[in-house]
Amino acid sequence: MDEKSTNQHRLYIALVMVLLFGVIVLQYVCPSSDCQLLHIGSLSSRSGGNAIGSRGEVNDIGLSGKDPYVAEDGALARFVPRFNFTTSDLSRLVDFNIKGDDVIVFLHIQKTGGTTFGRHLVRNIKLERPCECHAGQKKCTCYRPGKRETWLFSRFSTGWSCGLHADWTELTNCVPSLMNMREPPKKPTVPSRNYYYITILRDPVWRYLSEWRHVQRGATWKASLHVCDGRSPTLAELPSCYPGDDWSGCSLKDFMDCPYNLANNRQVRMLADLSLVGCYNDSAMSEDERWAVLLESAKRNLRGMAFFGLTEYQRKTQYLFEKTFRLAFIAPFTQLNGTRASSVEVAPETQQRIRQLNQWDVELYEYARDLFLQRFQVARQQERRQAREKRQQERRRLRGRLGSTRLGIGWPVAMWPSNKPHWTETQAGEAITTHLRPPTPEMKQERDGGGAVEAEVQLPEWWGLEENSTMEDYMDNVEQWR
């Protein structure tokens with residue numbers, strides 16, 4: 001009996017060890033966020049759901065008839081615009097041709113949630129030819145349908161091919177020549193590619209704190225090239241804040257006290273044309289004049305970008321991207337309020353100093369937030385107007401179809417439709433319930449006037465999708481496009 005109990009005990013231990021080993025292997029082979037996206041994609045495939053219309057257009061409303069972004073409208077109840085923008089600035093819609101030569105270029109600013117958004121681009125967009133992402137590989141292959149050509153220039157597709165966290169100055173000078181070298185145009189007479197630049201911005205205070213925590217853990221961006229006007233800055237133009245290999249363990253005070261810290265006003269610097277101020281040579285003009293020029297350049301470039309999102313508005317960011325490029329994400333974005341930066345208790349006077357150190361970023365973010373929310377409002381208004389016009393067209397088409405059956409004195413009794421609802425389908429794929437009634441005397445009198453027949457439109461249901469989990473943070477290596 002004792003020997004039998006001992007064998008059972010050993011068997012239980014062996015089973016537990018096998019189970020633990022399987023969990024470890026699963027976590028290595030398929031990270032949690034990736035597995036979740038695969039699970040969501042399989043649900044979508046089994047349900048037959050398709051977020052893209054037959055012409056590549058994003059369906060505005062899902063299968064339930066419920067607008068998934070209606071809650072975002074309510075969040076704007078108290079928003080009062082501060083800046084005046086032109087119609088072209090607010091109505092952002094690009095003719096992105098993924099089957100042609102168009103390329104989306106992602107400008108990834110540190111600690112803005114760009115890692116998460118970058119993963120959405122390669123793993124969470126519903127495409128005719130999805131990006132190929134394999135476990136253990138840091139890059140995905142994002143080819144066009146039927147071609148071995150990339151449509152996405154980003155960290156997770158082409159790597160840091162123009163330098164680690166390349167800024168606007170570097171990307172606009174590097175990407176076109178690099179793309180032409182890697183994928184030469186088939187015909188010299190073919191027009192140049194369309195490059196659609198996109199980026200993500202974040203509240204300057206929380207972005208700054210997040211970068212400090214990241215540097216405190218030992219991260220550096222020493223491999224960044226900072227190329228401007230054909231060369232990298234000298235050590236005299238861009239001194240280092242620390243003497244060793246990294247700045248791990250630095251206090252927030254030390255981080256703020258370094259006058260050469262590129263974390264200060266990083267978003268303005270990375271979005272501006274640095275050649276306008278002599279690149280990293282700050283002797284050409286005063287500091288205030290220099291930053292004023294950079295701020296205006298950053299605003300101008302931001303307005304001209306095909307799309308930009310805000311970390312603090314994940315669902316609106318998803319909506320505007322889908323509307324701009326006519327692409328749809330498989331799973332909804334998740335608003336994460338708990339970050340490493342938010343876990344830091346910072347005194348009000350320290351926050352004020354951070355705002356002063358990042359005064360140009362603060363001004364840019366307020367400008368960007370205003371433009372972003374106005375774009376969202378305009379896009380929603382256009383969507384509602386198009387939906388209303390679409391309903392009106394369907395009613396007119398339905399009236400014409402029903403009116404043609406009422407020509408003459410009336411319908412024979414044998415041809416009278418029952419009172420049961422009849423289901424038809426519109427060209428847009430919407431389900432329409434038409435309640436037809438036998439002709440009444442009033443309807444006979446209206447046979448030449450085309451009397452209205454009521455139609456109840458039942459829109460498709462939005463398939464239930466789980467939200468994404470958090471994505472892993474930075475990979476500190478620099479990997480070139482091979």
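**Disulfides and their cysteines**

Tutor: Cys241 is partly exposed, with a relative accessible area of 24%; buried means under 20% relative accessible area, exposed over 50%, and partly exposed in between (1.4 Å probe, protein chains only). The model is predicted, so local features need pLDDT of at least 70 and side-chain atom pairs count only at pLDDT 80 or more, while totals for chains, interfaces and linings use all residues. Residues are numbered from 1 along each chain as its sequence is written, and side-chain values use heavy atoms, with hydrogens and water left out.

Cys241 forms a disulfide (a pair of cysteine sulfur atoms within 2.5 Å) with Cys258, the sulfur atoms being 1.9 Å apart. The torsion about this S-S bond of Cys241 and Cys258 is -80°, a left-handed link. Cys241 lies in the loop between H7 and H8 and Cys258 in the loop between H8 and H9, so the pair ties together parts 17 residues apart in sequence; helices (H or I, at least four residues) and strands (E, at least two) are DSSP runs, numbered from the N terminus. Cys258 is buried at 9% relative accessibility. Cys250 is in no disulfide, and its nearest cysteine sulfur, that of Cys241, is 9.2 Å away. Cys250 is buried, at 4%.

The structure holds 5 disulfides. Another of them joins Cys228 and Cys279, with sulfur atoms 1.9 Å apart. Its torsion of about -70° makes the disulfide of Cys228 and Cys279 left-handed. Cys228 is buried at 3%, and Cys279 is buried at 8%. The disulfide of Cys133 and Cys140 has an S to S distance of 2.1 Å and is right-handed, because its torsion is about 115°.
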